[in-house]
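Welcome, and please load the model in your viewer. We will go from one selection to the next, with a short note on what is there at each stop.

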Amino acid sequence: MKKMFVVISTYLKSLEEINEKRGDHLAFINNYVLAGKFIMLGRKNPVDGAVIIAHNVTKEELEDIFKNDPYFVNGLAKYDITEFSPASYAIGIEEAIEKL
């Protein structure tokens, strides 16, 4: 399996300010979900950012993607990108990911 990435966002402004741009952000992110680059994502609990699992992309591509994210462009969030090589999977997960 190819390398994967965990992207952790951290909100830099109030949740009220974040939510004002949430629709734009989700529309932007959905492009990469539909392209098969982001396979899972969601807000952290407590809600102070989010987690994205990405594949079929390089770290450099991810850096470029997030430079254009509405949250980043508006100074609302920062992103930390960690690359990892999956070593073990639950039954069926590896096959499902390979089909994306």
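Start by selecting Phe66, which touches Val7, Ile29, Phe38, Ile52, Phe72 and Tyr79, leaving aside residues up to four places away in sequence; a contact means heavy atoms within 4.5 Å. Before moving on, a word on the source: residues are numbered from 1 along each chain as its sequence is written, and side-chain values use heavy atoms, with hydrogens and water left out. This is a predicted model, in which local features need pLDDT of at least 70 and side-chain atom pairs count only at pLDDT 80 or more, while totals for chains, interfaces and linings use all residues.

Buried means under 20% relative accessible area, exposed over 50%, and partly exposed in between (1.4 Å probe, protein chains only). Helices (H or I, at least four residues) and strands (E, at least two) are DSSP runs, numbered from the N terminus.

Now colour the strands; two of them pair if DSSP finds at least two bridges between them. Strand E1 (residues 4-11) runs antiparallel to strand E4 (residues 77-84) over eight bridges, and here Thr10 stands opposite Lys78. E1 also pairs with E3 in the antiparallel sense, over six bridges; pick Ser9 and you will find its bridge partner, Ala50, in E3. E2 and E3 are antiparallel too, with five bridges, and Phe38 has Ala54 of E3 as its bridge partner.

Follow the hairpin that joins E2 to E3 through five residues. Where does Pro46 sit? Its place is in the loop between strand E2 (38-43) and strand E3 (49-54). Check omega there: the peptide bond from Asn45 to Pro46 is cis, with a value near 10°.

For the last stop, go to the loop between E3 and H2, where His55 lies. Is His55 buried or exposed? At 4% relative accessibility, His55 counts as buried. Show its contacts, and among them you will see Lys3, Met4, Gly36 and Ile97. Asn56 is in the loop between E3 and helix H2 (59-67). Phi of Asn56 is near 55°, a positive value in a residue other than glycine, and Asn56 is partly exposed, with a relative accessible area of 29%.
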